Amino acid sequence: MEWNVNNAFKTYKEMEPKAMMDMSLLPHSDPIDIALGSSSPNSAPPKRKKTMTSVFLKYFDTAPDSKTRKCKLCGQSYSIATATGNLGRHLNNRHPGYDKAAAADVATTSVPPVSVKPSPSHSKPPHHHLDYDHFNWLLLKWLSLSSLPPSTVDETWLANSFKFLNPSVQLWPSEKYKAVLKEVFRSMQGVVKTSLENIQSRVSLTLSFWSSYENIFYMSVTGHWIDENWSSRSLLLDICRIPYPSGGSEIYNSLLKVFKMYAIEDRVLCCTHDNSENASHACHSLKEYLDGQKVLPFCYIPCAAQTLNDIIDEGLATIKPIISKIREFTQELNASSELSDDFVQLTTAYQEGNWKLPVDASSRWSGNYQMVNILCKAGKSLDSVIRKNEDCLENRLMLTSAEKNAVSIVHSYLDLDSFHKTTDDMCTNKDLTVGLALLFMDNISEMITTCQKSCHNPDWLRTCAENMSQKARSYNTQVCNVFTYITAVLDPRIKTEYIPETLNFESYIDEARVHFIRNYASPHFTSSLATGYRPHQEIDEGGGNISFAEEIARRKRRGSMSNSNAVDELTQYLSESIVPMQTDVLDWWKGNSGRYPRLSNMARDFLAVQATSAAPEEIFCVKGEEIDKQKYCMPHDSTQSVLCIRSWIEAGMKLKFKSTEIDYERLMELAATVAADNSDKNQHK
């Protein structure tokens with residue numbers, strides 16, 4: 001749940017005592033306890049003293065049905081089975097100073113209480129007090145979701161801001177935040193491992209790489225699969241520091257550690273990398289290792305979005321200096337309301353379109369495209385604004401006729417609008433399968449070829465087109481294998497009709513049938529499916545024992561029938577017409593899995609193969625710059641824990657500390673109660 005002021009007062013549904021601990025009983029993460037490594041299996045659990053039940057129970061009323069107890073001070077209800085020690089912790093945390101004897105007894109338990117000053121008077125029930133360990137847990141989630149390091153809390157201005165709101169606030173030191181985050185990371189990683197163990201299909205991976213401000217090289221490994229309900233799922237598995245010299249060998253060794261940690265060596269089908277040479281070498285070494293282990297086939301492919309981005313960069317290489325000048329103008333435009341007003345008025349007067357401000361001035365493709373668009377579609381307004389504001393913009397931003405002509409040629413002959421449509425579709429299409437990506441890339445190759453063949457283009461543009469073509473050919477070479485072919489044809493929008501010529505070999509369809517029969521058509525495979533299907537046992541017509549020869553004959557008949565049915569499934573699927581492009585691919589397979597019981601299982605495995613190593617909008621759009629900044633600025637001692645926890649929370653996982661699931665809805669309810677109490681108190685003054 002995203003927590004903020006707007007949702008702080010949402011109604012909280014009472015949680016089941018067995019499913020989750022009440023947050024008032026949340027273990028307080030004492031920094032000394034963490035520093036001593038209390039979670040270590042070698043550390044002996046503290047001895048518990050006998051609790052003073054009579055002291056605790058007198059502060060609770062038992063309900064008439066004898067199923068719950070209700071706190072007399074705040075009305076909080078607990079199951080009748082709740083341990084008295086937990087009731088004591090509730091009293092100590094929510095109502096400090098309620099009784100000296102009770103407070104002394106609770107202090108002997110294994111959960112250290114929060115240090116809060118006793119209430120000055122016991123003559124009437126006190127107002128609700130926010131437990132400041134709970135406040136720190138809220139702050140910890142904010143750090144994680146904002147990708148901020150624990151050292152953020154050491155900033156004096158932050159602590160002073162909180163103390164301005166409430167002088168009693170005590171923030172944990174950054175070292176404690178760091179220790180708690182690492183423990184949360186270990187706890188949640190265990191949940192991820194359990195999730196992978198329960199997956200009944202094969203997993204595909206994506207790899208992403210970056211360097212931090214400390215010049216440390218990192219790799220993120222994300223797993224993707226399709227669940228039994230035909231929903232696409234993904235989870236970040238780990239963020240690994242790649243040791244120096246950060247080459248293919250080091251990446252391979254780090255990948256192997258992730259495989260072994262999650263026990264997925266025999267379950268990974270494909271790995272999509274970021275097109276770097278080192279990543280490609282690492283994946284090749286991984287394939288050799290897995291082939292030597294004689295596990296199921298493994299393949300690896302480059303990222304289609306990164307390839308397209310590289311192709312576009314080659315096309316813009318000659319006009320990059322001109323784009324930089326337009327970007328500088330755009331940044332001034334975005335920063336000045338006076339310039340913005342002038343630009344909007346002039347574009348209206350010159351009928352040069354309606355422009356939404358601020359304009360995307362990022363260094364990604366989306367920003368570069370906007371820079372070219374401003375010159376080609378609002379050139380008069382651009383010149384007029386610069387001339388009108390010569391004092392602040394300077395003449396250096398004024399473009400020459402040659403510069404304008406060069407941008408216009410690139411925009412026209414490379415058909416940048418078509419490139420933009422392609423990248424926009426890749427960013428917004430929720431069914432960007434490998435087959436659809438191949439269709440896009442094949443169209444891009446045709447566009448480049450057309451530009452190369454044009455005799456009207458200047459030599460420098462033909463050189464750009466040749467460099468773009470080399471990038472496209474390299475991609476086509478790397479994806480040219482039977483596994484990519486299988487992944488593409490299992491998209492009912494593509495099948496064999498839209499397979500690029502560079503991949504459409506007759507031998508591939510035969511290899512696909514062999515792979516299908518060998519790995520998905522056998523009765524042994526079918527009997528292991530989650531649907532519970534079991535092959536029917538043949539009836540012994542003679543009513544007695546059968547000979548070994550008859551047993552062999554029956555086994556061969558079963559194998560022959562199974563293979564025949566399997567081939568019929570694949571043949572029937574390929575013989576049917578393709579479906580419209582707007583069809584939801586996974587919904588289609590979910591609805592047709594009854595018609596293709598074996599083929600649908602292969603589709604579930606292969607359609608999980610990712611066409612891109614990262615979300616296309618992270619590669620093409622300004623969102624990627626924001627993510628890069630966050631990762632670049634993260635210190636090494638927090639990178640793994642903070643970034644993994646953020647990804648897992650965004651994937652829907654609950655934040656977990658050791659065996660306790662942190663209920664942030666409950667924390668926000670407590671915070672809202674305190675805020676309401678304080679508001680009432682101020683009104684009565």
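What is the relative accessible area of N275, and does that make the residue buried, partly exposed or exposed?

Author: The relative accessible area of N275 is 24%, so the residue is partly exposed; buried means under 20%, exposed over 50%, and partly exposed lies in between, with a 1.4 Å probe and protein chains only. Please keep in mind that this is a predicted model, in which local features need pLDDT of at least 70 and side-chain atom pairs count only at pLDDT 80 or more, while totals for chains, interfaces and linings use all residues. Residues are numbered from 1 along each chain as its sequence is written, and side-chain values use heavy atoms, leaving out hydrogens and water.

Where does N275 sit? N275 belongs to the loop between β7 and α9 (277–292). Helices (H or I, at least four residues) and strands (E, at least two) are DSSP runs, numbered from the N terminus. The backbone of N275 also has a feature to look for: phi is near 80°, a positive value in a residue other than glycine.

With a relative accessibility of 2%, K495 counts as buried.

β7 (residues 268–273) pairs with β8 in the parallel sense, over four bridges; two strands pair if DSSP finds at least two bridges between them.

For a contrast in pairing, look at the open sheet of three strands, with the order β1-β2-β3 and antiparallel pairing. At its edges stand β1 (60–62) and β3 (77–79), each with a single partner strand, so one side of each has no neighbour in the sheet. From one strand to the next, the twist averages 30°. β2 (residues 68–71) and β3 are joined by three bridges in the antiparallel sense, and K70 stands opposite S77 in β3.

The helices come next. Helix α10 (residues 304–316) packs with helix α18 (residues 434–453) at an angle of about 15°, their axes 10 Å apart. Axes are lines fitted to C-alpha atoms, for helices over the stretch in contact, and angles run from 0 to 180 degrees between N-to-C directions. α10 and α18 are therefore roughly parallel to each other; angles under 35 degrees count that way, over 145 as roughly antiparallel, 65 to 115 as roughly perpendicular and the rest as oblique. On the α10 side, the contact is made by A304, T307, L308 and I311, and on the α18 side by A437, M441, I444 and I448; contact means heavy atoms within 4.5 Å. These contact residues divide into seven nonpolar, one polar and no charged. Here Ala, Val, Leu, Ile, Met, Phe, Trp, Tyr, Cys and Pro count as nonpolar, Asp, Glu, Lys and Arg as charged, and the others, Gly among them, as polar.

The one between α12 and α13 (365–377) holds P358, which a cis peptide bond joins to L357, with omega about 0°. Another cis peptide bond joins Y244 and P245, with omega about 10°, and P245 is found in the loop between β6 (232–242) and α8 (248–262).

Finally, compare N275, partly exposed at 24%, with H456, which counts as exposed at 64% relative accessibility. H456 has its place in the loop between α18 and α19 (459–478). In helix α25 (residues 599–606), by contrast, eight of the eight residues are buried, so this helix is largely enclosed by the rest of the structure. Across the chain, buried residues make up 48% of the 685 residues.
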